[in-house]
Amino acid sequence: MKTIFVFLLTAFVNLFSIEANVYMVLMEDDPLIMMSSRDREDISLYKERMTRKHDAFLKSTLEEGSYVKLYSYTHLLNGFAIHVTDKKALPMLRGAEKVRSIHKDAKMKKLTTHTPDFLGITNGAWPELGGSNVAGDGVVIGLIDTGINPFHPSFTAQTTVTKSSKFKGKCEIGERFPASACNGKIVGAQHFARAAIAAGEFNSSLDFASPFDADGHGSHTASTAAGNNHIPVIVHNFNYGYASGMAPGARIAVYKALYPFGGYISDVVAAVDQAVEDGVDILSLSIGPTSVPSGPSAFLNVLEIELLFATKAGVLVVQAAGNGGPSLSSILSFSPWVITVAASITDRKYNNSLILGNGQTLTGTGLAPPTVGGVFFPLAAAADVSQMNIAAGQVENCQSPDPFIRTSVRGKIIICSYTFDFESEEASIATVSDTIQRIGAAGFILTMDPDVGSEQIKGATVTLPVPGIILNNRESSSAVWEYYNSNTVRTRSGKAIGFRGTARILDGRRATFVGPAPVVASYSSRGPDVNNALLETADVLKPNIMAPGSSIWAAWSHDSEGDERLRGQSFSLLSGTSMATPHIAGIAALIKQKHRRWSPAAITSAMLTTARVADKSGSPILAQGRNKLSTATPFDFGSGSIDPSRAIDPGLIFDARFKHYIQFLCAVPGVDDMSIRRAIGVGCPIPGKEWCSDLNMATSVTVSNLVGSRKVIRRVTNVGDADEKYRVVVREPIGVNVSVTPSVFTISANASRHIILVLGATQRTNSYTFGEMVFEGDQKHIVRVPITVFVSSVLKH
């Protein structure tokens, strides 16, 4: 509550001049948060009593009319904010009994968790839709995930939210999930666990037989998609900025089907079924299978088919690509009726620095406070300040406080080593921090063990309550050890008796905004898409689009069972395509708000054809590989990086309906009419389409096996407000000649027309090559479609 009040105070102060005499006065008595034992029924009474005491104090201390009280702080602080109108008031307050401190209010600059600004939403899509509080208004996003923490400020009720006329979902009341949890922001919540119970994995005391999020993942994705705007991100008493969902005005429907241990497809299918029945507009799934499904085609897997029917019902489905990158064909979302999301790194970086006593500065990571006072502290290796009868290998990883000699570690920075004993990198790093805190050391340095290799330590963005730095390369680690060893006095037996080496750790919690961005994250799963478990490539481009997915701040569940290092926190900093997916779901809600009647394919088209392939400097987007950067291809990021402002007004769209997806399935190699009937209940039309590439996809023109030539037909629709003239510009893939008819055309508003492409192989490439077809409109619309081709055989003369 403290941080929320401070934000409100800043907003209110803007009503006055910048020089307004506003002060925050803190009182000596404890705030509510400091109460050790008090029943919940007493909270409101306690708050009321504190507020009355503030009023009585002011009335007895200051003259009437000399001040205006703005707030009473009762939860995290005991105090109040006042606007002083008489210069005599301040000296009187300073001399009053029970006043602990007085702070003059100051102008604050905006600090954000960055992705809304990075994507241009704050100055683009939100103003276009009437402002952040109504961005996504009237749209319901359904999230299939681990539930939600309804008590989080990201999900408090918003008075501006418009009720959806079609949503009919219910609010399931259960443990940690009262009826009040469905507050207008959260409009529906249910849980699905029958398969998990049957498998013996569900533990009702830990996993909660209710929509409450016992993990944290679901709260994170929900707040990224549609969390309230400008929510302070406070972790370990430090404000990292302000969080916002992509569509703060949208509403959230929760379908809990996953748990800390994972989940089962049958529970997920039940959740999707219920969500569509309830009337959600968008489904966000930051989940996927563990591998490519077996059977004649991955597209005929039960979940893929159910998502096809969801699309038929008018529900847009967004799914994570997977975290198997940078390996090729690591994609775990397969079908063309689903938007598959890749993850990028933004320009926000958290770096930390270590200054050694010899003046050398080493760079590392670790969202940690600095060592106190800006002074240097003695360095000590973990093994040198531990009991002698403990093996060094059990001490150097700093996973337990027990071996350390307390009198030897106090006031020192402890050098620990990242070893093979780290079972989970994030959790083990957090354990190091906990050890340092418990033994009373000044901080820690985590160095790389040479035996581990050169691969960087994952989890280096874990937030830490004590000063600490993670040295993520062998050179820096070696420099620390060389300096330490040369400045440590030892006996002949090797026992350390003098610690002359010193260091100090700087503040690693303050972000910098540098470097190329966006960049495809190394872990983000890559294409090409596959038809089946044999990994035969498909005429479908996957992933489809890219959104921020690395180091994303978002809501968390305070009592998380999924990640012990985050227990007790209200926000977490996570990475993965799970984090990228709700960005796209939220942006889809913005488009849906403006274009209520658009089909899922039309919304998909709007996002894909307007995506950007250049970074913020205008250079081609790069992709992380194995220890290298290279120019990204459509197999890395699909159509490119999402551009919300352009997606709201795309100019042209490529639309597709249920029957077109059936035609696509009937053209999949190895799939016959009977397979289609068994999976979907309908057979193949006669005559059918010859090629999967005939599907009117905005995702791409993808041909996985070009022999000679192929004709591809696309149908575009003008969704702009006026007639527009387009010129078609083609960049040909290597080894392919591409002709387009017509190359110039004028299309009326709401009209449609066909575009015919002929792809002719000119040389066998033995690999995929990439090009693009760009429609340049005279009303400034730019519509881009990737071309992805594998030439198996050239044209015969």
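This report describes nonpolar cores, a surface patch and some backbone features of a predicted model.

## Basis of the model

The structure is a predicted model, in which local features need pLDDT of at least 70 and side-chain atom pairs count only at pLDDT 80 or more, while totals for chains, interfaces and linings use all residues. Residues are numbered from 1 along each chain as its sequence is written, and side-chain values use heavy atoms, with hydrogens and water left out.

## Nonpolar cores

The largest nonpolar core comprises 60 residues, and those with the most contacts inside it are Ile141, Ile282, Ile584 and Met607. A nonpolar core is a set of buried Ala, Val, Leu, Ile, Met, Phe, Trp, Tyr and Cys residues joined through side-chain atoms within 4.5 Å. Buried means under 20% relative accessible area, exposed means over 50%, and partly exposed lies in between (1.4 Å probe, protein chains only). Helix H14 (residues 577-594) gives the most to this core, with eight residues. Helices (H or I, at least four residues) and strands (E, at least two) are DSSP runs, numbered from the N terminus.

Leaving aside residues up to four places away in sequence, Ile584 touches Val318, Ile339, Val341, Ile545, Ala547, Met607 and Ile642; contact means heavy atoms within 4.5 Å. Another core lies apart from the largest one and has 54 residues, among them Ile287, Ala298, Leu332 and Cys666.

## A nonpolar surface patch

On the surface, Ile713, Ile756 and Val758 form a nonpolar patch with about 190 Å² of accessible area together. Patches are made of residues with over 30% relative accessible area and no salt bridge, with like charges joined within 9 Å and nonpolar side chains (Val, Leu, Ile, Met, Phe, Trp, Tyr) within 5 Å. A salt bridge is a side-chain nitrogen of Lys or Arg within 4 Å of a carboxyl oxygen of Asp or Glu. Accessible areas come from the Shrake-Rupley method with a 1.4 Å probe, and for residues only the protein chains shown count as cover.

Ile713 belongs to strand E34 (residues 709-718) and is partly exposed, at a relative accessible area of 34%.

## Backbone features

Most residues other than glycine have a negative phi, and most peptide bonds are trans. The bond from Ala517 to Pro518 is cis, with omega near 0°; Pro518 is in the loop between strands E25 (512-513) and E26 (519-520). The bond from Thr741 to Pro742 is also cis, with omega near -5°.

Arg176 has a positive phi, near 65°, and is partly exposed at 33% relative accessibility. Asn750 has a positive phi near 70° and is exposed, at 66%.
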